[in-house]
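Thanks for coming. I'd like to take a few minutes on one model, going through its strands, its core and its surface.

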Amino acid sequence: SWEVGAGVGLVNNRIEASYVERLQTEFKASDSSSSTEFSYSVLASLVRELSDEWNFGIRYRYIDLGTLDIGPFPIRNVEAASDHASHEFQFSLEKKI
């Protein structure tokens with residue numbers, strides 16, 4: 001059997017980062033950030049009956065967890081941003097009860 005689905009929710013992203021610059025003198029700075037954003041996920045799975053007692057399943061799920069931003073750092077006007085997402089592949093062996 002096939003299964004498809006989608007979901008939405010909220011995620012609280014937190015990041016702590018360090019910026020290190022090594023030229024003539026070493027410059028170090030750190031920053032932290034936190035944000036709450038909407039997230040979404042989609043999934044597709046296939047379950048196959050192996051016997052009267054067992055099923056085998058395979059599932060793919062993509063989760064978008066928003067964007068992580070950090071900076072600017074003191075003295076240097078450096079900023080960084082990253083998209084935060086997850087790709088999951090799951091395999092299952094299920095015993096029927």
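Gly7 sits in strand β1, residues 2–22; strands here are DSSP runs of E with at least two residues, numbered from the N terminus. Before going on, the provenance: this is a predicted model, where local features need pLDDT of at least 70, side-chain atom pairs count only at pLDDT 80 or more, and totals for chains, interfaces and linings use all residues. Residues are numbered from 1 along each chain as its sequence is written, and side-chain values use heavy atoms, with hydrogens and water left out.

Setting aside residues up to four places away in sequence, Gly7 touches Ser39, Tyr40 and Ser41, where contact means heavy atoms within 4.5 Å. Ala81 is 74 residues from Gly7 along the chain, and their C-alpha atoms are 25 Å apart.

Now the pairing. Two strands pair if DSSP finds at least two bridges between them. β1 and β2 pair antiparallel over 21 bridges, and a hairpin of three residues joins them. In that pairing, Trp2 stands opposite Leu46 in β2. β2 and β3 also pair antiparallel, over 10 bridges, with a hairpin of four residues between them. There, Ala44 has Tyr60 in β3 as its bridge partner.

Next, the core. Which residues make up the largest nonpolar core? The six are Ala17, Tyr19, Phe27, Ala29, Ile70 and Phe73. A nonpolar core is a set of buried Ala, Val, Leu, Ile, Met, Phe, Trp, Tyr and Cys residues joined through side-chain atoms within 4.5 Å. β1 and β2 (26–49) each supply at least two residues of this core. Beyond its neighbours within four places in sequence, Ile70 contacts several residues, including Ile15, Ala17, Asp31 and Val78.

In soluble globular proteins, nonpolar side chains tend to be buried together. Here, though, there is also a nonpolar surface patch of about 1000 Å², made by Trp2, Leu46, Leu50, Trp54, Phe56, Ile58, Phe89, Phe91 and Leu93. Patch residues have over 30% relative accessible area and no salt bridge, and nonpolar side chains are joined within 5 Å; a salt bridge is a side-chain nitrogen of Lys or Arg within 4 Å of a carboxyl oxygen of Asp or Glu. β3 (54–70) and β4 (80–95) each supply at least two of the patch residues. Leu93, in β4, counts as exposed at 56% relative accessibility.

Technical notes. Buried means under 20% relative accessible area, exposed over 50%, partly exposed in between (1.4 Å probe, protein chains only). Patches are made of residues with over 30% relative accessible area and no salt bridge: like charges are joined within 9 Å, nonpolar side chains (Val, Leu, Ile, Met, Phe, Trp, Tyr) within 5 Å. Accessible areas come from the Shrake-Rupley method with a 1.4 Å probe; for residues, only the protein chains shown count as cover.
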